[in-house]
Amino acid sequence: MVWGWQIAWYLFLGGLGAGATVTSLLASRAGPRVGTIERAGATLAGPAVALGTALLVFDLGMGRREPWRLVYLYLNWGSPMTWGTWILTLFIPVALLHALSITGPLPPRWERPVAPVRRAAVRARGTLKVMAGVLAVSTAIYTGVLLSAPPSFPLLGSWLLPVLFLLSALSTGMSAAVVSGYVLARHEKAEFDLCSWSRIHIGLVVMELVVLFAWLTVGAASQAGGDSVQLLVSGSLAPVFWVVVVFGGLIAPVIAHIATATNGNSQVALAGEAGVLAGGLALRYLVLLAAVPVIIGPAL
Amino acid sequence: MQVAAAGTAVAALPVGVRELAHPPAAEAAQSPGTDKVVTSVCEMCTVRCPILVRVRDGKVVRIQGNPREKSTQGAICARGNAGISLLEDPDRVRTPLIRVGKRGEGTFRKATWEEAYRYIADRLNVIRGSYGPEALGVGRRPSAGDAFLLTFAKAFGTPNIFSHESSCPLGRNVAMEVTLGTSGVAIDYSKVDYLVSFGRNHMETLAVPQAQGIVVGLSRGARLVYLDPRRSPTSTAATTWLQPLPGTDLAFALAMLQVMIAENLYDQAFVKRYTMGFEQLAAAVLTYTPEWAATETGIPAGTIRQVARDFGTARPRSVADFGWFTSTYLNDFQLRRAILALNALAGNLEVPGGMFLLKGLKGYGTELGDWKKPAFPAVKAGRVDGAGVAGRFPLVPVKDGLCQALPESVLTGKPYPLKAYIAHRFDPLAAIPDQPRTIEAFKKLDLLVSVDVYMSDTGAYADVILPECTYLERTDPVMEASGLAPKIRYRQQAVPPQGNTRPSWQIYKELAEATGLGEYFAYRDIDEIVTAQLAPFGLTAAKLAESGQWTPPTAKPTYLRKTDPTAPVKLKTASGKIELYSAELAKMGFEPALAYTAPPAPPEGTFRMIQGKCAVHTNSATQNIPVLHELRPSNELWIHPVPAGRLGIKDGDSVIVRTAGREQRGLAKVTRDILEGTVFTYHGWGRTSPGLTRVKGKGIGFNALMPVITDPVSGSLVMRETFVEVVKS
Amino acid sequence: MSTLTKSGARHQYALVVDTTRCIGCEACSVACRVENEVPDGHWRSRIAPPTSGGSKAPLKWSCMHCADAPCVQVCPTKATYRRTDGIVVIVADKCVGCKYCIVACPYGARYFDDKKGIPDKCDLCAGMLDAGLKPACVQTCVGRALAVADLADPHDKDAARIRSGEARPLHPELGTKPSVYYVVGE
């Protein structure tokens, strides 16, 4: 497909940022104290989505030549790309403000210019949380809708793809937030409860596994979809699909989280989180690579 | 509004194309746009379709068919459209080159034209002194600029003039000369009701006027019966596609003759008035029944009989196509004679929907003029190839000769060795089978010169490469393009030559001057020649250029027998008639009537190797042209799934094709579109020149595998009697 | 821009491909490529050869100028739109080059032009049609298999072939309502 690694990273980082925000919001419900995961998740979100968006802009044929044309992206309300543009445009600043509203001050030199913004953000913390939550879920779903809207690739054209991408986004975001939160906690010598996160994550990953195979089964119904599935399951993409996406990104993390939930071994859990991240990225990439068009005409 | 998909030239575009819609070009010049439209003639193949060349700011931006030509309606093929890609190809040789490395290495130094001429002239004069002028051989693909190389060769005093024809249409040419007294015969395709094509793959060996004529015919309900062991685009277009065993078309044709005679389906009046030797023909085909032919061809007797009956019923608008590329099987000459006999029985000569003699300018009393030159020196030596010589190849025209004689003469010294060779727009390595032997011969030559737009495979072995400019950069002598009425066409320079390239009228004039033969080229430039050519008609180049072609105003398309089926038709055979039996052939010791020889069956474990053309390439000349290369960059070996399965070969596998200790590698295309015992590939790949950067090393080169086999009657090369082993690599 | 027929009605263009007259020679492919200065490695129009399982005839393949074009729907900037005469075009200076239209086209009719930084495709030689001329592919067709029909013209013979159902679109099940119609023999 014409979309390459930049778009795979963009889909991945967008999902990750969304998932990290949701994780942060979940963490905030644990109690009045703002924990490391809550802060880490919120802090990661904005830069992750912004980085992904930057990759997208670089991938645009006119992104670097005439960037002012990007304003046209807001025009077509019928296009998922336009929805995404609006969502990302709102989500990035909201995510950054959300982060500001719950994190401590920066070193004075950096804090001075942001201080007024932070004061405002802190005042609007409740509203920001709601907005961040809504926009995060929108972002995660949107990355799947972007691919599933056109009729050209049967495997992609399934409503299960946005669901899969939502689950994968939550999972990768959670992994990123948990790993960062863990590092932060070590740095702050704070307590860190990995076990309860592992229990949530097991549920998420198991659901993702189920949706993944449901998606493949539904996709295989058409000729081109079947070709796509064949590429993933037994064709040239199969090694990466089975090793990185299925085993490394789903099965191994489940085992790791079960181990952590039962004996509290944090090293194993962290390895599982790394697997989730690698699997999430590989999934986005493979989805693009496996897309077989509905009609195979001559290559134009 | 600027519309991206229309390109940046939206504003200028309509002006330019409007000009094209309303030729002549003179009218276009009055338009406010910057585009200039030049009428010219294509040279991407030998057909020479009339074209319009659109030029903007000194660059060719588009080539299209000249809509004034009724037989093409403004159409041109992919190759014709791609002329601009040849013109701008960075691989073109754009300055004279003199070899510094070993032969075949392709290492050259840039030289001035004067240096290159001096180099060639010095060696030619030494060779003439030591061996006589006959030690020079010249070979070319026939073109509008033939006169210059031929004048040079004749002025030098050599009889050894060759063309590429013996690797292509020579067999049919000779058969037509023998049977009809001329090969200047064409088929009235668009009006034919029933066309039988013995492997003439019209949709891929694409001559636009012919293909268009056939499509026009088919769309009004005409039938096309096509015989080919392979499914080609012509099979797809045909109303009936038959898949005979390779080399058995003759059996099919003989059986058709047998049925037509036995069932009295032929034109008796025509046969009586216009042919001789019918009794011998009838006797010869008596036993060639459809039942017999069925065992030869693998086609059911009922089908053969039906085709014969339909052919006989549709006459005189039924035609058996005499083909073009006929360097095929050992029995091909007999096949061409049998096909001409079918046409004679159909009585289709000189009627609409039949075949007709080309009505040249000569018939209207005036011929093209020429530039003045002294008489050529008398030639003392005989030709090395025996063309036109009793006891050797008496029927081969001396303007063509046998191009395969080059390695033979050099390596065996029989009857004497050629020492120098000039190849003009001709690549002996791509045209003559047994490539390794030709290479050996090249290494023994004292001088090898290639005049070409590219460094061809032969060019890589040459001592000197003289870069000719392309047809878009030069004016050629006016050429005759007669059909039912006489016609001339004018290839007019559209843009100046790129780099340090020159047209052939200039190259041979200047080379002759360096060699001391300048008196034979006493013209100033091409315009002077064109003026001399047109003088007899009171026509100027400017007038001719308006539409690019011209027919004498009094001449009308003429079928001699359209209204009067007994009208006289002058044929230049000994008898003045169509010679179904040829006393001339008998005298020479060849079969005078018709007789069948079966093609040998492939030895156990081997395949018969056949080849053909694709619609986007011309012989081996266009595979490196960027756009055409992109369309079809390589060839594949077509093999039937049954033998492929036996050999463990899957579609797309890499295979080795082997014969007589030689091999070529390529990719297999496993397909039911070819017979089980036969393998097929498109011709023109397996190129070796480092100057052909795109196509070098790609595909299977059959010329490296095939031996030289020569038809004893026509002198034509025989290219489908080779058997190969195929293994997975 | 003139989009009015003689009778004053708007043009409604469609391309008719008579596969029974197509010889698969790719003259149209090259004519288009040269006329539109299509970059190396890309084509706006190609011939899909007959295949054993699929079409029995060669199929000229290019933008289908769909009435319900997925590319038009997904284009975030509205750079791709369908003119009133039925030709789907790209307005170069509104396009950001997101390639979403390339992804969305089920016919694979679009390519990305690296030099221009935007996708491109067949526009039925709109500039030439506007000037009253035929597209490059139609002009050069060896078998005379191609024609631009004007569905707004009741007397147009090629439009009649569409109305009678003799010429039919490829893959109508996709619901894109293509404006390229194919005549297929038995």
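**Domains, fold and interface**

Q: How is chain B divided into domains?
A: Domain bounds come from an automatic or database domain assignment. For chain B the assignment gives domain 1 (4-87), domain 2 (97-165 + 382-473 + 500-523), domain 3 (185-356 + 565-587) and domain 4 (607-728). This is a predicted model: local features need pLDDT of at least 70, side-chain atom pairs count only at pLDDT 80 or more, and totals for chains, interfaces and linings use all residues. Residues are numbered from 1 along each chain as its sequence is written, and chains are lettered from A and ligands numbered from 1 in the order in which they are written.

Q: How many helices and strands does chain A have?
A: Helices (H or I, at least four residues) and strands (E, at least two) are DSSP runs, numbered from the N terminus. Chain A has 10 helices and 0 strands.

Q: Why is chain A called as compact as a globular protein of its length?
A: The radius of gyration is taken over C-alpha atoms; the globule rule is 2.2 Å times the number of residues to the power 0.38. Chain A has a radius of gyration of 20 Å, close to the 19 Å from the rule for 300 residues, so it is as compact as a globular protein of that length. Its C-alpha atoms fill a box of roughly 60 × 55 × 25 Å along the principal axes.

Q: How many residues of chain C are in contact with chain A?
A: Two residues are in contact if their C-beta atoms, placed from the backbone, lie within 7 Å. Here 35 residues of chain C contact 30 residues of chain A. The largest share of that side of chain C, 4 residues, comes from α3(C).
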